[in-house]
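Could you look through the points below with the sequence and the model open beside you? They are written for someone meeting this structure for the first time.

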Amino acid sequence: MLKMRGVAKSFITDTVKTQALHPFDLEIQQGEFVAVVGPSGSGKTTFLNIAGLLEEHTEGQYFLDEKETTGLSDKFKSSLRNQKIGFIFQSFNLIPELNLFDNVEMPLRYRDFSAKERSERVLNALEQVGLAGRKSHYPQQLSGGQQQRVAIARALAGSPSFLLADEPTGNLDSKMAEGIMSLLKDINKQGTSILMVTHDMDQAQQASRIVEIRDGYLNEQKVAKTA
Amino acid sequence: MKDLKPIISSLLRAKMAPLLLILQIAVTFTVLVNSVYLMVEKHADITAPTGLSENVLFSFQIPHQGEEQSQKIANMYKHLEAIRALESVERVSIINSIPLSNRGGGFDIKMNPDDPVYVSKAAAFTGSYDLIDTMGVKLIAGESFSLVDEEALNDLGLGRSTGVIISKALAQSLFPENWHQALGSTIYLNQVPHNIRGVVEHLAGPWSFWQYKKNNIILPTIFLMTDITFLVRSHEGLREQTMKDVVELLMQDPHLHIDELKTFTEFKEAAYQAQNAAYTTLQFVIVGLVLITMLGVFGQTRFSVLKRRKQIGTRRALGASRMEIIRYFTIENLLITLCGATLGALLTILANNLVVAHLELSPVPWPYLAYSSAIVILSGLIAAIQPAINAANISPAEATRTV
């Protein structure tokens, strides 16, 4: 589903070259739940941005559902992000001026869905996260955990190939975090792959695979997970 | 237009900032409509046809010479003939006042001597029988005067039965349904009946600011005043030369002094000086208003882009292309300017009604609302381009930035 071959990222500022990510290979199969761990500043966000097509890698090849993504135009990449990837952000990134329905519908508007299909998908997704009854509420009226559920519904509504979660529980207390983790696991069980970046080892343990990034080097953790 | 509903929802949620901009645009719009209207009116005023052959005419005054009236008249005709004989002169006439010179006289026009109120007002030009030809005004109905109609008198000769020639504008105000009916009709000047024997297409009156400036009457009486005013028509392109020739000719008589030697172009420029200044000022006002609108829209769009960096990054991450971001801000902006223009149009209509009801001024005609809307919307669109492009350039990676 996701295949990276010799992918690396470097920045050149003035005459200094900084290697943010050293060349690595990574393959994720359909249905996997992969956690990416590492301390801050290790290159996790750069990895996440490359995997999410938010940033261009400088070396190697990245295939998404067999499709080479290197050097695609902005329009093409935008539509790939829209159709293949469901984003979940640490600070939810909901649009405060829009109600829950409109928030979940937003990425669907960049696709050729009819209004009826959009509405069905939004309601299904909200149903899946248990917030269908609050579709007319605004994000500020919800708790952090509920807001993240809306963001998950937004990520799910477009039926993506995988969910890309960036510290999805980073802004939540432990009880809410637990709720979000179990929701993600449920979604994964239903067949959606998840690539989750986290610095929380306990949460990483709940994934089916753990990949560690340290000082820009990406390593598969051989340690068997406990859960 | 898939963005329309969420844009409207966000604008309704945000309320204050867009509302302030809408108000600003509405007020600007109201002033703009009136400025554009005034400017177009001034322009029409300045460029209105005078009916005269402006580039070949000039005039001057000399005092009467002689003691007796007969002597004065004889001398006047002697000068007239001498000027007419000059090679560079095409025609010359005597006239009581020059159009647009700010000097002249007029009448109340009645269709019936017993009417308590006048139908219209008009200024009178009186002089040589061939005044029309010298001025170059175009006779479009009826007949011109002939030599037998001409007489030199101490008054306007209102009692004479030569008939009058009037401007088409006056004919239209007397017979709004069909000005042709004016020909052969009788009008009353100071209770004295006059038959309308001819109609000229255009003729500018003595005063550029007068409400009835297009209403004019021509009489074939040479009105003997202190000075004689000559209107000279030179051959095409020879006005300067003709002026020199005339001065040279008259200066042969050491007792004669020439006064008010001026081209018709000079009279016209002086008459429209204020209007020209107002026209220029209005142009600046309009440019200023357009700039204010543009700055307002630019500021609001830029602020809203800066405020929503993360939101824009999120939209980009979730699949919006650069073009879709540009489209979003363009539509948002268009909605604000449309609301502003609509509110402005309502304000203008309201102001119009007040102006018509209380000040007896003419209301701004409808097309000006359309012109001003076009100006406001176009300036809004142009002003939003740069901030919208800035927004489109926000990286989708902005969505994952934590600070």
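1. In chain B, four strands make up an open sheet in the order S2-S12-S1-S13, and the pairing is antiparallel; two strands count as paired if DSSP finds at least two bridges between them, and helices (H or I, at least four residues) and strands (E, at least two) are DSSP runs numbered from the N terminus. At the edges stand strand S2 (89-95) and strand S13 (259-263) of chain B, each of which pairs on one side only. Direction ignored, neighbouring strands of this sheet are turned by 20° against each other on average.

2. Before going further, please note that this is a predicted model, in which local features need pLDDT of at least 70 and side-chain atom pairs count only at pLDDT 80 or more, while totals for chains, interfaces and linings use all residues. Residues are numbered from 1 along each chain as its sequence is written, and chains are lettered from A and ligands numbered from 1 in the order in which they are written.

3. Within the sheet of chain B, strand S1 (residues 57-63) and S13(B) pair in the antiparallel sense over three bridges, and B:Phe58 stands opposite B:Thr263 in S13(B). Helix H6 (residues 239-250) of chain B packs on the sheet, where it touches S1, S2, S12 and S13 of chain B, and its direction makes about 140° with that of S12(B). Helix H3 (residues 69-85) of chain B lies across S1, S2 and strand S12 (227-234) of chain B and runs at about 160° to S2(B). For these angles, axes are lines fitted to C-alpha atoms, for helices over the stretch in contact, and angles run from 0 to 180 degrees between N-to-C directions; residues are in contact if their C-beta atoms, placed from the backbone, lie within 7 Å.

4. Strand S3 (residues 105-110) of chain B has pairings with S4(B) and with S8(B). Five bridges join S3(B) to strand S4 (residues 120-126) of chain B in the antiparallel sense, with B:Ile109 opposite B:Ser120 in S4(B). Two bridges, again antiparallel, join S3(B) to strand S8 (residues 186-189) of chain B, and there B:Lys110 has B:Tyr188 as its bridge partner.

5. Helix H8 (residues 273-307) of chain B has 35 residues and reaches 51 Å from its first C-alpha to its last, close to the 51 Å expected at 1.5 Å a residue, where the expected span is 1.5 Å times one less than the number of residues. Its buried residues include B:Leu282, B:Leu289, B:Phe298 and B:Val305; a residue is buried if 20 or more other C-beta atoms lie within 10 Å of its own, exposed if 12 or fewer, and partly exposed in between, with C-beta atoms placed from the backbone. The buried residues of H8(B) pack against helix H2 (16-47), H9, H10 and helix H11 (367-392) of chain B.

6. Which residues of H1(B) are buried? They are B:Pro6, B:Ile7 and B:Ser10, and, seen down the axis of H1(B), the buried residues fall within an arc of 100° (taken from the directions from the helix axis to the C-beta atoms), so they line one face of the helix. On the other side of H1(B), B:Leu4 and B:Leu12 are exposed. The cover over the buried residues of H1(B) includes helix H3 (100-105) of chain A together with H10 of chain B.

7. The contact between the chains takes 23 residues from chain B and 25 residues from chain A. On the side of chain B that touches chain A, the elements giving two or more residues are helix H1 (4-14), helix H9 (309-317) and helix H10 (322-359) of chain B. The residues of that side divide into eight nonpolar, eight polar and seven charged, where Ala, Val, Leu, Ile, Met, Phe, Trp, Tyr, Cys and Pro count as nonpolar, Asp, Glu, Lys and Arg as charged, and the others, Gly among them, as polar.

8. Chain A has an open sheet of four strands in the order S2-S1-S4-S5, with antiparallel pairing, and its edge strands are strand S2 (16-28) and S5 of chain A. Two bridges join strand S4 (residues 59-64) of chain A to S5(A), and A:Phe63 stands opposite A:Glu68 in S5(A).

Definitions and conventions: Two residues are in contact if their C-beta atoms, placed from the backbone, lie within 7 Å.
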